[in-house]
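Have the sequence and the model open side by side as you read.

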Amino acid sequence: MSDIKIYSGTSQVRVMEIKNILENEGIEYQEVNKMDSSYGGVFGEIQLFVAESDATRAIELAERVEE
């Protein structure tokens, strides 16, 4: 099985909201931070991945978080 990307973006606030929701639902995730620390949010992105078996539910939950 492979991990599925459920979020990719630059908003650290949105990432925290999604992570909190996933934790409350008991869904394990992996965070990959590709942000360039020298330019604080200008270059790169933050990605969240979940197991394939949790992907559908996690995507539904992530989409509920407002941008």
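What follows goes from the overall fold to the core and then to one lysine.

This is a predicted model, where local features need pLDDT of at least 70, side-chain atom pairs count only at pLDDT 80 or more, and totals for chains, interfaces and linings use all residues. Residues are numbered from 1 along each chain as its sequence is written, and side-chain values use heavy atoms, leaving out hydrogens and water.

The chain has two helices and three strands, running β-α-β-β-α from the N terminus. Helices (H or I, at least four residues) and strands (E, at least two) are DSSP runs, numbered from the N terminus.

| Chain property | Value |
|---|---|
| Buried residues (under 20% relative accessible area, 1.4 Å probe, protein chains only) | 30% of 67 residues |
| Accessible surface (Shrake-Rupley, 1.4 Å probe) | about 4500 Å² |
| Carbon and sulfur share of that surface | 44% |

Now the core. A nonpolar core is a set of buried Ala, Val, Leu, Ile, Met, Phe, Trp, Tyr and Cys residues joined through side-chain atoms within 4.5 Å. The largest one has 15 residues, with Ile-6, Ile-18, Leu-22 and Val-50 making the most contacts inside it. Strand 1 (3-9), helix 1, strand 3 (46-51) and helix 2 (55-63) each give two or more residues, and helix 2 has the largest share, four. Beyond four places in sequence, Val-50 touches residues including Ile-6, Leu-22 and Ala-58.

And the lysine? Lys-19 sits in helix 1 (residues 12-24) and counts as buried because its relative accessibility is 13%. Setting aside neighbours within four places in sequence, Lys-19 is in contact (heavy atoms within 4.5 Å) with Tyr-29, Glu-31 and Leu-48.

How values were computed. Buried < 20%, exposed > 50% of the residue type's maximum accessible area, 1.4 Å probe, protein only.
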